[in-house]
Each structure stands twice: as C-alpha cells, then as structure tokens.
Amino acid sequence: MLRARAIRQALCAPVIRPTSRPVPSVPGRSSSSSSGSSSVDFSLTRPQALHIGEPFSFCRMMSASSSSSHQVNHNSSGRVFSIELPEGTAVLEYDTLPSGVLDYHHTEVPESCRGKGLAGILAKAALDYAVESKQTVRLTCTYLQHYVTKHPDPAYLAVVEK
C-alpha cells in the first residue's frame with residue numbers, strides 16, 4: 001500500500017518541461033538572445049495520469065488545451081481535414097454536393113487519442129474554412145451537429161444549411 005502511494009506520488013509530482021514562452025531578461029545579467037539564440041521558459045506542469053495496464057500513448061501525454069501544437073492539414077482535392085499523430089491520423093471528411101454545398105459527413109480520431117479535443121480542432125478548422133470561403137455546409141456528421149450546438153458562433157450558424 002505504501003509502495004503504491006509512493007509510485008502514485010512520483011507519477012503525479014510536478015515535472016519541469018520547456019514551453020515556448022520567452023524568458024524575461026534579468027537586470028544585471030547578460031542576455032544570450034543578442035547572439036541570436038532564443039531562450040526557453042521552463043514551467044512546472046503535472047503529467048497526465050497513466051493507469052496501470054494501459055498502453056502508453058503519445059496522445060495521453062498531451063493536454064487538450066495544447067491545440068496550438070496540432071497542425072490541421074486541408075487536402076481540398078481529397079476533401080479531408082486531417083491531423084497527423086504518432087498513433088494514426090485524425091480526419092474530418094466531406095464531399096462537395098452538385099449544388100456547391102460542402103457535406104461534412106465523417107469525423108474520426110484514433111481510439112487512443114479520443115477525448116483530447118482533436119475532433120473539436122478539426123471541426124473548428126472545417127467551419128472556419130467554410131466561413132472564410134463563404135460556402136454553405138451540411139452537417140450530416142453527428143459530432144459536427146453537436147459541436148455547432150455547443151459552439152453557436154454566429155459565423156458558423158450563417159454558413160450551416162438550414
């Protein structure tokens with residue numbers, strides 16, 4: 001029992017991880033930024049909890065709030081928005097109907113990466129694309145219907161087919 005508690009405390013102890021924020025300069029110290037190198041701020045963070053018997057997953061170690069670390073790719077000829085991950089590819093697929101309406105019909109995230117906000121990142125990118133290109137969208141994917149209900153942005157509602 002004590003050993004299990006010690007292991008749990010070690011796993012949940014703060015960890016120092018680099019972030020992309022620049023380190024503020026300290027008066028009286030020479031700054032290395034004058035040589036062209038950038039500083040890195042080391043911040044305390046807590047690792048995600050891993051459960052015993054659960055396979056290690058890169059996605060489990062990522063915070064859902066770190067959406068800026070995910071690059072959404074849009075392949076207009078393949079009609080897909082995607083995020084490349086070590087475990088596979090998260091995708092939002094669509095078709096262009098003869099009327100010119102974009103039919104967003106399928107969203108899928110690798111099973112080990114679900115619940116981390118990746119589908120929401122894809123949904124936002126796809127809806128932002130429709131808003132920017134002034135195209136109407138049909139939401140046949142139930143996840144996207146749910147997303148628009150939870151995020152009733154007037155710009156999104158303006159492009160969603162009624």
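This is a predicted model: local features need pLDDT of at least 70, side-chain atom pairs count only at pLDDT 80 or more; totals for chains, interfaces and linings use all residues.
Which residues in helix 2 meet which residues in helix 3?

1. The contact of helix 2 with helix 3. From helix 2, the residues involved are Ala 119, Gly 120, Ala 123, Lys 124 and Leu 127; in helix 3 they meet Tyr 143, Leu 144, Tyr 147 and Val 148.

2. Geometry of the two helices. Helix 2 spans residues 118–132 and helix 3 spans residues 142–150; they pack at an angle of about 80°, and their axes are 10 Å apart. Helix 2 is therefore roughly perpendicular to helix 3, because angles of 65 to 115 degrees count as such.

3. Thr 107. This residue belongs to strand 6, which covers residues 102–108. Thr 107 counts as buried because its relative accessibility is 17%, and the cut-off for that class is under 20%. Beyond its neighbours within four places in sequence, Thr 107 is in contact with Val 91, Leu 92, Ala 119, Cys 141, Tyr 143 and Leu 144.

4. Salt bridge within helix 2. The structure holds three salt bridges. One of them joins the side chains of Asp 128 and Lys 124, at 2.8 Å from N to O. Both residues lie in helix 2, four residues apart, or about one turn of the helix. Asp 128 is partly exposed at 23% relative accessibility, and Lys 124 is likewise partly exposed at 40%.

5. Salt bridge between Asp 95 and Arg 79. The closest N and O atoms of this pair are 3.4 Å apart. The pair links distant parts of the chain, 16 residues apart: Asp 95 is in strand 5 (residues 88–96), while Arg 79 is in the loop between strand 3 (73–75) and strand 4 (80–85). Asp 95 counts as partly exposed at 31% relative accessibility, as does Arg 79 at 34%.

6. Salt bridge between Glu 161 and Arg 138. These side chains meet at 2.5 Å, N to O. Glu 161 lies in the segment after helix 4 and Arg 138 in strand 7 (residues 137–139), so the pair links distant parts of the chain, 23 residues apart. Glu 161 is partly exposed, at 32% relative accessibility; Arg 138 is partly exposed, at 32%.

7. Ala 158. This residue is found in helix 4 (residues 154–159) and is exposed, with a relative accessible area of 58%. Ala 158 and Val 137 are 21 residues apart in sequence, and their C-alpha atoms are 9.6 Å apart in space.

Conventions. Residues are numbered from 1 along each chain as its sequence is written. Side-chain values use heavy atoms; hydrogens and water are left out. Buried means under 20% relative accessible area, exposed over 50%, partly exposed in between (1.4 Å probe, protein chains only). Contact means heavy atoms within 4.5 Å. Axes are lines fitted to C-alpha atoms, for helices over the stretch in contact, and angles run from 0 to 180 degrees between N-to-C directions. Angles under 35 degrees count as roughly parallel, over 145 as roughly antiparallel, 65 to 115 as roughly perpendicular and the rest as oblique. A salt bridge is a side-chain nitrogen of Lys or Arg within 4 Å of a carboxyl oxygen of Asp or Glu.
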